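Here is a short briefing on one protein model. Keep the 3D view open and find each part as you read.

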Amino acid sequence: MTDSPAEPRRPSGHSGHSVVDTLSAGEARRIALAAQGFSRRRPADPGVRHLHTAMARMGVLQIDSVNVFARSHYLPLFSRLGVYDPALLERAFLARPTAARSGRYTEYLAHEATFLPVEDWPLWGFRRDAFRAKRGEFWGRTSSARTLGWVRSELRERGPSRPADIRGDAPGGKAGWWEWDDVKHALEYLWRVGEVAIAGRDGFERRYALAEDVVPVDLLGRDLDRATAIGELVRRAARAHGVATAADIADYYRIKDRTAVLGAIDVLVERGELEPVRVRGWERGGRAVPAWRHVDAVLPRRIDATAILTPFDPVVWFRDRALRAFALDYRIEIYTPAAKRRYGYYSLPVLVGDRIAARVDLKADRAAGTLRVQSAWWEPQARPATDLEPIAAELRTAAAWQGLEHVSVSGWGDASAALADVLDGHPERVRRHDVGRTDQVPPGS
């Protein structure tokens with residue numbers, strides 16, 4: 001599927017104009033999904049350039065350690081590109097920079113912990129300054145300052161290092177001043193204030209390095225002033241959302257200064273980069289919530305994608321927006337006792353067209369070569385008669401991506417039985433559980 005032609009729309013007015021376009025809730029969803037790349041056909045053979053293109057649309061890729069099915073940062077690219085080789089991500093995002101080649105991406109707190117382009121380093125000076133102001137007094141104490149000095153010295157001598165590498169030579173003994181937590185806390189502090197940068201990972205473990213060993217020298221010391229940086233981040237967030245409220249825009253890069261966000265929006269409206277719109281159903285207390293559409297946003301006639309999303313995908317990571325735009329009321333249940341979980345340990349929203357139609361709790365059972373669907377639930381906006389087949393096909397695709405030969409569906413969830421019936425039509429690829437659930441107990445059982 002290529003980008004569908006945008007429906008003709010009457011331009012909305014800029015600041016001081018009276019014309020404000022009105023969008024239906026479905027139009028807003030299609031604009032948002034197109035901005036995130038879901039109006040495009042998945043490539044037949046995704047390569048590294050496709051990863052870079054998807055990353056350019058998102059701007060950041062949130063990192064998460066949960067690995068029941070696949071770690072969260074692998075999933076947004078799968079959702080958009082389909083079956084790609086995870087080694088491509090590892091080479092592009094996790095590989096260590098060398099003397100001859102700087103890494104294209106590094107990590108910072110651009111949302112939560114995220115991958116982001118290393119060229120964006122100057123954008124984050126205001127956040128580094130804020131963290132230094134918040135924690136600098138503690139790290140200025142004599143013992144803490146000595147800790148920082150020692151860690152800096154170790155990184156200068158060793159180059160990119162894991163915390164465990166540094167800990168191995170840490171001073172200690174009965175009269176020593178070093179504790180394990182100190183090295184980790186020092187590295188994290190130095191990372192947050194920009195003296196240290198992330199130089200890839202070994203598996204899931206970060207390698208820390210002095211910033212000058214990761215960030216090109218022409219980017220160091222060129223931090224943008226706070227207002228300019230926030231203005232650029234607001235512009236990027238608005239473009240990545242397609243259509244958004246001020247809260248949506250602020251959350252994309254976790255900018256807490258609402259006054260600065262609204263001021264930046266006003267500037268972008270005056271420049272003609274954003275257009276005020278109303279979205280039917282986007283209301284609070286019976287009143288429309290102000291929203292803006294980026295001028296580059298397109299409105300496809302339809303979205304044909306089916307995709308399994310991580311809870312940390314930009315489409316749904318802001319829970320207020322997920323509820324408002326997609327009627328998805330989502331809470332992660334990892335820390336909920338098993339007997340009290342409503343949907344499962346780590347349920348994943350499933351996009352069908354422009355709707356979140358279901359959620360599935362997946363587990364990759366590598367020993368058995370099986371993708372276990374531990375629960376499956378319909379969302380209120382589901383259309384089971386037409387949604388079952390594409391969801392089943394996407395589960396087979398997900399299994400293939402993870403190198404699993406079979407798909408197994410438990411009996412927990414109101415979509416499970418129908419989904420299992422559809423999947424059982426493919427016995428060469430599918431096995432069905434005879435028991436209700438694999439490793440969880442449904443509420444009330």
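At what angle do helix H9 and helix H11 pack, and how far apart are their axes? The angle is about 70 degrees, and the axes are 9 Å apart. Keep in mind that this is a predicted model. The points below start with this helix pair, then move to strands and a loop.

**Helices H9 and H11**

- H9 covers residues 226-241, and H11 covers residues 258-271.
- The crossing of H9 past H11 is right-handed.
- On the H9 side, Arg226, Ile230, Gly231, Val234 and Arg235 make the contact.
- On the H11 side, the contact residues are Ala260, Val261, Ala264, Ile265 and Leu268.
- Sorted by class, this contact of H9 with H11 holds seven nonpolar, one polar and two charged residues.

- Is strand E15 mostly covered or mostly uncovered? E15 (residues 370-378) is mostly covered, with nine of its nine residues buried.
- Strand E14 (residues 355-365) pairs with E15 in the antiparallel sense, over eight bridges.
- Ala358 stands opposite Trp378, which belongs to E15.
- E14 and E15 form a hairpin, with four residues between the two strands.
- In that turn, Gly369 has a positive phi of about 65 degrees.
- E15 also runs parallel to strand E16 (residues 406-409), and four bridges join them.
- Here Leu371 stands opposite Val407 of E16.
- In a regular strand, side chains alternate between the two faces of the sheet.

**The sheet of E2, E4 and E3**

- Which order do the strands of this open sheet follow? The order of its three strands is E2-E4-E3, and the pairing is antiparallel.
- Strand E2 (61-62) and strand E3 (105-109) are the edge strands, and each pairs on one side only.
- E3 and strand E4 (residues 113-117) run antiparallel and are joined by five bridges.
- Thr106 has Leu116, in E4, as its bridge partner.
- Helix H2 lies across E2, E3 and E4. H2 runs at about 110 degrees to E4.

**The loop with Pro43**

- Where is Pro43 found? Pro43 sits in the loop between helix H1 (25-35) and helix H2 (48-58).
- Leaving out residues up to four places away in sequence, Pro43 touches His50 and Leu81.
- Pro43 and Tyr84 are 41 residues apart along the chain, and their C-alpha atoms are separated by 9.4 Å.

Definitions and conventions. Residues are numbered from 1 along each chain as its sequence is written. This is a predicted model: local features need pLDDT of at least 70, side-chain atom pairs count only at pLDDT 80 or more; totals for chains, interfaces and linings use all residues. Side-chain values use heavy atoms; hydrogens and water are left out. Axes are lines fitted to C-alpha atoms, for helices over the stretch in contact, and angles run from 0 to 180 degrees between N-to-C directions. A crossing is left-handed if the near helix is turned anticlockwise from the far one by less than a right angle, and right-handed if clockwise. Contact means heavy atoms within 4.5 Å. Ala, Val, Leu, Ile, Met, Phe, Trp, Tyr, Cys and Pro count as nonpolar, Asp, Glu, Lys and Arg as charged, and the others, Gly among them, as polar. Buried means under 20% relative accessible area, exposed over 50%, partly exposed in between (1.4 Å probe, protein chains only). Two strands pair if DSSP finds at least two bridges between them.
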